[in-house]
Protein chains: 2
Amino acid sequence: MAENAEINQVTKQVQDVVLDESGQPLSKNALKKLEKEKLKKERAEKDAAARAAQAAAKASAVVDYSKDFYGKKPMNRSEDRPGLKHERFNDINASRTGEKVWIRARVQTSRPTGNKMCFFQLRQNSSTIQGLVVFDETKISKQMVKFAQAISSESIVLIEGTIAKPLEPVKSCTVQDAEIMISQLFVTSEAQGRLPFNIEDASRPEADFEREDAQFSKVSLHTRLENRVFDLRTITNQSIFRIQAGVCRLFREFLESKGFLEIHTPKILGAASEGGANVFKVKYFDTDAFLAQSPQFYKQMVVCGDFERVFEIGSVFRAENSFTHRHMTEFIGLDMEMAFEEHYHEILDVFDELFVYIFKGLEEEYAADLEVVQRQYPFEKFQYLPKTLRLEYKDAVALLRENGVEMGDYDDLSTEVERKLGQLVKEKYKTDFFMLDKFPLAVRPFYTMPDPKNPKYSNSYDFFMRGEEVLSGAQRIHDADFLIERAKAHDVDPDSIKSYVDAFRMGAPPHGGGGIGLERVIFFYMNLGNIRRVSLFPRDPKRLSP
Amino acid sequence: MAENAEINQVTKQVQDVVLDESGQPLSKNALKKLEKEKLKKERAEKDAAARAAQAAAKASAVVDYSKDFYGKKPMNRSEDRPGLKHERFNDINASRTGEKVWIRARVQTSRPTGNKMCFFQLRQNSSTIQGLVVFDETKISKQMVKFAQAISSESIVLIEGTIAKPLEPVKSCTVQDAEIMISQLFVTSEAQGRLPFNIEDASRPEADFEREDAQFSKVSLHTRLENRVFDLRTITNQSIFRIQAGVCRLFREFLESKGFLEIHTPKILGAASEGGANVFKVKYFDTDAFLAQSPQFYKQMVVCGDFERVFEIGSVFRAENSFTHRHMTEFIGLDMEMAFEEHYHEILDVFDELFVYIFKGLEEEYAADLEVVQRQYPFEKFQYLPKTLRLEYKDAVALLRENGVEMGDYDDLSTEVERKLGQLVKEKYKTDFFMLDKFPLAVRPFYTMPDPKNPKYSNSYDFFMRGEEVLSGAQRIHDADFLIERAKAHDVDPDSIKSYVDAFRMGAPPHGGGGIGLERVIFFYMNLGNIRRVSLFPRDPKRLSP
């Protein structure tokens, strides 16, 4: 058959070239070379064995009555479109027993049983189902069973099979009341070389690794990130990023219902916005430009342009040379800015409802995904109040002092003290989420509106989840001259922010807002230990790839 | 009253400091200085007159019985929160005649009538209403009328007034069946200095400027962009950016309904993705990094990570040194990528439905905003087919040749020829939107899947609106070795794209997608002449500010 000829050709290509590359990124060239040699040898041996088996089969002139029903498919180049329906596992269950279906899936694991059977755990996103290849005298040849047994984990297969009801529920799969009796089996994309780690190991509950009889390897965060594309396939990661998309959707849904407009502000700026610290410099044709550290100035300018309530979901860049569990050099900001009528607490009211909407939405719409993450990384259920606690800074300082923390009235909070405060608040108010209002003026940026009653404080706030900051915001100064005065007091050259300051000269409403770190919300909601887990491809001072 | 004392104090502040800054950005320092001097003089004269008037009033010991009901408010620093309801114009109509309301609005124009009356056109976003201050013997003093008459355009006022039914509809306002009889009038933020242009001029239909008796100035795009915050206040711009947000919403809404997941990929990359041309370089701590020219590689990697259908709305950066009507160095990409089962035309099917959903959604949900834009920038209604035309490249070349365009079978299309093709398609198929499929392989990037039947062509496509490209996409090569082969043929060093290539080594489904330029869709849908009109703060090689 022409198809078979093509299959052989492609198989050969695949076999030849896998030797060029190990598939596992190793840091040292020497190690890499050694590994390559080893793989090459293994592969050559395997190939020789395969060829011998093939030759033996041919020599004995055994007719393979299944030969058209299995094999490697050539690369799909969109040759034709037969229009077969391809099923998703979520739609398969016992009620469809007896139906013949086509399925594209990954082989998560295969378990050969003698030379007459092969069990597969097949995967689509985070759903798994059991598939079986079983020898019979007329349709499934021993050669076909052998082919099935040799398919490498993580290869993609195209299967024709019949839905069957297993004798007892398949506990190891998400689809438990149905399995697939395979009648045709094609590899459409083969996983080459050695896999960087075992997907099942990478999905195990943390506690499993602490058992004394643990036989498997713990996959470090570093290894995961080095092999991120592979790592994303674990069901936990599938769930984490569905939850992330959910937070974005809930954020938008709520703000749109309150009359907010989605905007997009520039990320390349002519001047370093907030004084020039921690900003990335870009070569911009014949001049220099800078990456936006926040959309704040532009959000404010848009509010002055009469779009009174706006939000933006976009990239934020911070050139901070730090390697903490909660810092990245690039992240997604969920920003909002609004004009208010009387008092900046109108902004806190919107944020309050917004966060409660997001927390509730996660509980209600993402329960299954949270459960999946929970199994691998157990976390205490996130507690919040229907009306969010608003704590004034001075009262937080008092609470800390009562509990042995020594600090001045106007000192900033260190990460450590923030965590302590989170604990104390949790004990006293039974909440993992609260707003800290009225920060000391001295620890906030120049554009922050001072408190009208006590010039040592300001109309600004941070929000905390499990004792870690997830939002920073304030009433902004909307008077150009007062803004210049404050900029000078902070050694910010007013000329460097002229277009920003000018925005307030032609009539500006009182306004304010804040920026939420998307990854932080998810990170702290599920208490995942490191922010890198919730970024598809995290960036820190040492990580620019993949 | 304490409040009045404060008002006076702030008024004085405002008067003192407006002299420091002209409010109108001028390019030359000398000019600026002159302008400043002039304004200073004008202001000083005005102040003197005001003081004289005040003094005269005091001298004649006329009691101002309105004095508590008007004046300049101090900057709002969130002193208190009385909890007054502030009305939006959209909620005001004749049925509420007699109701007393509080309103925050801009003074768009004021028209004094003698010394006893002042008409205002008040604005909130793109709604306007008429407000009146009318002298009476007990409540509205002549001083108050005088104060009203002196309020500068674009200042923000806080008004208490009574809803009234005008004798005849107020044709010049969007709220025509109601007006506001003002009883209290405070300026909360004053527009200082000379306005960069007249908001009404900036909102006029283009045709008005061609009338022989035209008395007003046309506002150039350059002037608009130099004063963008001010320019955004025109009702046309309010509508344009509501439409833009609408396109984003419709894009997401449709793709989410089809099982696509929203993702966020990094914008700072360790290597220049597509060969290094037109890429911005970033100083990244001790090394160099690059800004993403497209999320394509990462979208593909995420598909290989088993998120089979993904989309992203994010910033895209292109270091192209060009100044056309349709290029910017930074824009918003609406990107999607998906695994398919049999044929890349499955992707075209999704895009087809998606675009029709967006076009229909704009017609149905944004009719009022389109009408507003239409009034200033008249455009022919955008035509599209319920099932989008798919033209093969070779047929497009034939059509062009039939109509006198000379070109080879495998030549790329110039912008000019694209437009010509758009016209020919419109004549023949009655549509402003079509898909051009099967581009010559030679004019596409290395990762494009060649056509399986004719190696001179490829499985790639562009979409056109009114003869201009709005999307580019393709089936991508999902086999690592073939990808390396094609990269080498294009002089792309495979080592420079290692993490991308490696993503295909562990089993990859056939897949493809495309990137839509958000601004282009809106630009061409409304035929706005220049893409800068549909970007809040456009960036080109010479424009980095505001």
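## A walk through chains A and B

A:Glu154 is a buried residue, with a relative accessible area of 1%. Its backbone is worth a look too: although A:Glu154 is not a glycine, it has a positive phi of about 75°. You'll find A:Glu154 in the loop that runs between helix H3 (142–149) and strand E5 (156–164) of chain A. Keep in mind as you click around that this is a predicted model.

Chain A has another residue of this kind. A:Asn527, again not a glycine, has a positive phi of about 50°. A:Asn527 sits in the segment after H14 of chain A.

That segment holds one more backbone feature. A:Pro546 also lies in the segment after H14 of chain A, and the peptide bond joining A:Ser545 to A:Pro546 is cis, with an omega of about -5°. Now hop over to chain B. There, a cis peptide bond runs from B:Ser545 to B:Pro546, with omega near -5°, and B:Pro546 is in the segment after helix H14 (518–525) of chain B.

Back in chain A, let's look at H14 itself. Helix H14 (residues 518–525) of chain A packs against helix H6 (residues 235–257) of chain A, the two axes being 10 Å apart and at an angle of about 120°. That angle is why H6(A) and H14(A) are described as oblique to each other. The crossing, where H6(A) passes H14(A), is right-handed. Which residues of H6(A) and H14(A) make the contact? From H6(A) come A:Ile243, A:Gln244, A:Val247 and A:Cys248, and from H14(A) come A:Leu518, A:Glu519, A:Val521 and A:Ile522. Sorted by class, this contact of H6(A) with H14(A) has six nonpolar residues, one polar and one charged.

Next, turn to strand E17 (residues 511–517) of chain A. How much of E17 of chain A is buried? Six of its seven residues are, so the strand is largely enclosed by the rest of the structure. Strand E12 (residues 330–339) of chain A pairs with E17(A) in the antiparallel sense over seven bridges; the bridge partner of A:Gly333 in E17(A) is A:Gly517. Strand E16 (residues 468–475) of chain A pairs with E17(A) too, again in the antiparallel sense, over five bridges. Here A:Ser472 has A:Gly515 as its bridge partner in E17(A).

For a view of a whole sheet, go to chain B. Eight strands form an open sheet there, with mixed pairing and the order E7-E11-E12-E17-E16-E15-E14-E13. Which strands of chain B are the edge strands? They are strand E7 (261–262) and strand E13 (389–392), each pairing on one side only. On the sheet packs helix H10 (residues 393–402) of chain B, which touches E13 and strand E14 (433–437) of chain B. The direction of H10 makes about 80° with that of E13(B).

Within this sheet, strand E11 (residues 309–317) of chain B and strand E12 (residues 330–339) of chain B pair in the antiparallel sense over nine bridges.

Note on methods:
Residues are numbered from 1 along each chain as its sequence is written. Chains are lettered from A and ligands numbered from 1 in the order in which they are written. This is a predicted model: local features need pLDDT of at least 70, side-chain atom pairs count only at pLDDT 80 or more; totals for chains, interfaces and linings use all residues. Side-chain values use heavy atoms; hydrogens and water are left out. Axes are lines fitted to C-alpha atoms, for helices over the stretch in contact, and angles run from 0 to 180 degrees between N-to-C directions. Helices (H or I, at least four residues) and strands (E, at least two) are DSSP runs, numbered from the N terminus. Angles under 35 degrees count as roughly parallel, over 145 as roughly antiparallel, 65 to 115 as roughly perpendicular and the rest as oblique. A crossing is left-handed if the near helix is turned anticlockwise from the far one by less than a right angle, and right-handed if clockwise. Contact means heavy atoms within 4.5 Å. Ala, Val, Leu, Ile, Met, Phe, Trp, Tyr, Cys and Pro count as nonpolar, Asp, Glu, Lys and Arg as charged, and the others, Gly among them, as polar. Two strands pair if DSSP finds at least two bridges between them. Buried means under 20% relative accessible area, exposed over 50%, partly exposed in between (1.4 Å probe, protein chains only).
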